[in-house]
Amino acid sequence: MASSNVASDTLALWQEYRRTEDPVIRDRLILTYAPLVKFVAGRLGASLPAHVDDQDLVSYGLLGLIGAIERFDPDREIKFETYAIARIKGAIIDELRSLDWVPRSVRTRAREIERAIAELERQLMRAPTDEEIAAKLGIDTSELETSLAEISRSSMAALDELWTPQGGGDQISLIDTIEDTTGPDPGLSLEETELKEALGEAIAHLPEREKLVVTLYYYEELTLREIGEVLGVTESRVSQLHTKAVLRLKARLSGGPRDGAEG
């Protein structure tokens with residue numbers, strides 16, 4: 001009964017804010033939804049280097065929440081929480097990108113691995129092994145593992161990162177395309193709908209362990225440590241598997257083979 005009252009109070013706040021655009025009511029809505037910012041900042045912060053301050057992430061996310069409240073149209077058939085989480089993530093990622101704290105060498109190596117995976121997938125018509133990726137790059141597998149660890153620490157290899165579809169257009173967060181399990185969102189553009197389908201197909205063609213990591217992390221919202229307990233491996237190993245999975249997905253979405261990928 002109490003939760004019903006809370007929901008009706010929040011609805012009344014929304015109705016009053018839409019009618020008056022009163023900044024005092026907007027501030028009450030910000031307080032109501034502030035836990036969303038902490039949730040998103042915590043999820044993103046878990047895979048960022050230690051020197052990135054959690055409170056900074058919350059500050060960036062609050063800007064996204066404020067923008068979401070000011071722009072949200074209650075008449076659209078989408079929950080505010082779903083809309084706000086995407087905007088909060090976008091605000092945090094935009095700010096991190098503007099700070100450009102990821103070393104150029106790490107960015108370069110991530111692109112090299114992604115490119116090597118894409119070329120090998122086109123040649124082999126399946127997901128390449130670590131040994132094949134390393135050989136393509138002219139390094140050994142231990143060097144590949146070191147590179148994956150550096151990329152994962154930089155949090156570049158995350159589906160939360162924005163991605164520009166082939167042919168241009170607005171940037172889309174890959175994670176936003178797999179979060180909604182309730183069916184198609186009428187607010188999605190054709191471009192986003194096509195990306196959602198392509199991403200689902202790409203995930204289906206991942207090697208089994210990488211597919212499991214992506215499923216547990218993004219769908220079941222387990223932490224990397226919890227996934228390590230499920231798989232019986234270390235958290236750092238899960239982080240490597242996650243990084244490889246995301247680089248494979250980006251490679252495939254950037255023009256790798258679309259079917260017959262598993263030989």
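Which residues of helix α6 (residues 130-137) are buried? In this predicted model, the buried positions of α6 are D130, I133 and A134. Viewed down the helix axis, these buried residues fall within an arc of 95°, and they therefore line one face of α6. The face turned away from this buried side carries E131 and A135, both of which are exposed. Just after α6, the residue G138 adopts a positive phi of about 75°.

The aromatic residues were examined next. A pair of aromatic rings is described by the distance of the centres and the angle of the planes. The count of aromatic pairs in the model comes to six. For F72 and Y83, the ring centres lie 5.6 Å apart and the planes meet at 45°, so the pair is classed as tilted; an angle between 30 and 60 degrees is neither stacked nor edge-to-face. F72 is located in the loop between α3 (54-71) and α4 (80-99), whereas Y83 belongs to helix α4, and the pair therefore ties together parts that are eleven residues apart in sequence. Both F72 and Y83 are buried.

Key:
Residues are numbered from 1 along each chain as its sequence is written. This is a predicted model: local features need pLDDT of at least 70, side-chain atom pairs count only at pLDDT 80 or more; totals for chains, interfaces and linings use all residues. Side-chain values use heavy atoms; hydrogens and water are left out. Buried means under 20% relative accessible area, exposed over 50%, partly exposed in between (1.4 Å probe, protein chains only). Helices (H or I, at least four residues) and strands (E, at least two) are DSSP runs, numbered from the N terminus. The arc is that of the directions from the helix axis to the C-beta atoms. Rings of Phe, Tyr and Trp (its six-membered ring) pair if their centres lie within 6.5 Å; planes under 30 degrees apart count as stacked, over 60 as edge-to-face and the rest as tilted.
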